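Here is a short briefing on one model. It starts at the ligand, then turns to a helix and to the annotated domain.

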Amino acid sequence: MTDGTLETVRLGDTGPEVGVQGLGCMGMSFAYGPADAEQSRAALERALDLGVTLFDTADSYGAGQNETFLAPFLGKHRDAVVIATKFSLTIPPDDPTRRIIRNDPPYIRQAVEASLRRLDVDEIDLYYMHRRDVNVPIEETVATMAELVREGKVKHLGLSEVTGDELRAAAAVHPIAAVQSEWSLFSRDIEAGVVPAAKELGVALVPYSPLGRGFLTGSFTDADRDLGQDDFRRQQPRFTGGNAAANAALLEPVRAIAAARGASAGQIALAWVQQRAAVHGLPVVPIPGTTKPHRVAENTAAARIVLTDEELASLEPIAARVAGDRYADMSFTSAGRE
Ligand SMILES: NC(=O)c1ccc[n+]([C@@H]2O[C@H](COP(=O)([O-])OP(=O)(O)OC[C@H]3O[C@@H](n4cnc5c(N)ncnc54)[C@H](OP(=O)(O)O)[C@@H]3O)[C@@H](O)[C@H]2O)c1
């Protein structure tokens with residue numbers, strides 16, 4: 001970042017060149033309570049102005065609403081935007097705590113057509129399997145995804161929340177550009193198996209929830225007290241009850257570094273992800289989510305921050321002390337199957 005816009009990085013050995021930070025668009029339609037559509041549109045434009053090119057959505061975000069919301073933005077800037085979406089997960093509207101996961105070939109074919117239609121594009125730049133359906137061999141899922149590449153419906157393939165072994169099996173079928181998994185100061189389980197496998201295979205990491213779903217910024221400290229009834233974070237054990245208070249106290253070193261540098265706690269969290277990936281020798285494109293243009297500017301500016309060894313050392317113990325899992329049901333995550 002030299003002139004205020006982001007530098008770029010190749011998304012793994014086979015993927016596209018993108019800005020070193022992406023934008024998570026989920027919150028514009030889903031999960032964290034109502035969002036202001038006009039502000040969200042401004043956030044998309046601001047991101048592109050600042051060098052963000054990877055925009056992240058999924059068919060499950062608001063049951064297709066997030067993809068539909070992004071369509072006009074894509075229509076306006078198709079050549080500049082790398083659009084990533086995902087299949088496999090359905091969240092029944094009458095029970096948002098349930099997850100239905102399907103990775104069988106007929107389902108994937110139906111899902112890709114629906115995403116193409118909602119996004120109003122001819123081709124999806126990066127198509128992820130969102131969650132693993134353990135009843136379907138991953139080779140079968142990836143073989144179907146590879147057919148979509150050959151048919152020109154999809155350019156690059158990605159996988160979310162896969163284990164290191166699942167990634168190896170998938171990459172033997174077709175090159176995988178990126179793995180999208182949770183990675184932050186609070187969530188480091190992927191460093192054991194997934195990150196080394198990605199490094200070995202030339203796959204980039206796209207860390208989701210790099211701000212710990214906002215918790216690392218200090219914007220909320222207790223989901224039950226601070227967030228709306230339908231906010232997804234109320235389902236996450238680490239943000240509720242006694243865990244929330246204990247975890248908020250862990251953020252003291254983040255706040256201290258931020259105060260000393262005149263930065264925000266969120267910027268320190270984002271700088272940490274970039275530097276942690278560099279330690280592992282991996283290309284990384286975190287996708288912080290925000291619905292607000294001024295926060296896009298704040299988050300992208302974090303790419304200019306280089307933490308010292310002393311600062312990194314003070315942040316090192318945090319993740320191991322976090323109380324409570326990142327999901328109520330960890331079987332849907334890589335850590336739950338490793
Ligand atoms: N593959 C998967 O399974 C998976 C799972 C979860 C998410 N994702 C993807 O990853 C993206 C990012 O993850 P996420 O949205 O869950 O979590 P996140 O990026 O860690 O945090 C987002 C939250 O932080 C707030 N925020 C953002 N920037 C801020 C700032 N500078 N100061 C204060 N608050 C700030 C946002 O609120 P405002 O909107 O009010 O700014 C939002 O509530 C999602 O949008 C989605 O595309 C993927």
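Helix α11 gives the largest share of the shell around the ligand, with three residues. The model is a predicted one.

**Ligand shell**
- The ligand is surrounded by 29 residues.
- Gly24, Met26, Leu211, Gly214 and Gly289 are the closest of them.
- Sorted by class, the shell holds 15 polar, eight nonpolar and six charged residues.

**Helix α10**
- Helix α10 covers residues 265-280, 16 residues in total.
- At 1.5 Å a residue it should span 22 Å, and its end C-alpha atoms are 23 Å apart, so the two values agree.
- Why is α10 described as largely enclosed by the rest of the structure? Twelve of its 16 residues are buried, so the rest of the structure largely encloses it.
- The buried set runs through Ala265, Gly266, Gln267, Ile268, Ala269, Leu270, Ala271, Trp272, Val273 and Gln274, and also includes Arg276 and Ala277.
- Cover for these buried residues comes from elements including β11 (204-208) and α9 (252-261).
- Also among the covering elements are α11 (293-301) and α12 (309-315).
- Gly281 follows α10 and has a positive phi, near 75°.

**Domain record**
- An unreviewed UniProt entry places the feature "domain: NADP-dependent oxidoreductase" at residues 22-317.
- Over residues 22-317, the chain is 42% helix and 13% strand.
- The end C-alpha atoms of residues 22-317 are 27 Å apart.

Notes:
Residues numbered from 1 in each chain as written. Predicted model: local features only at pLDDT ≥ 70, side-chain atom pairs only at ≥ 80, totals over all residues. UniProt positions renumbered as here; feature names shortened; annotations may be inferred. Helix = DSSP H or I, 4+ residues; strand = E, 2+ residues; numbered from the N terminus. Expected span 1.5 Å × (residues − 1). Buried ≥ 20, exposed ≤ 12 C-beta atoms within 10 Å, placed from the backbone. Contact = placed C-beta atoms within 7 Å. Near = placed C-beta within 6 Å. Nonpolar A, V, L, I, M, F, W, Y, C, P; charged D, E, K, R; others polar.
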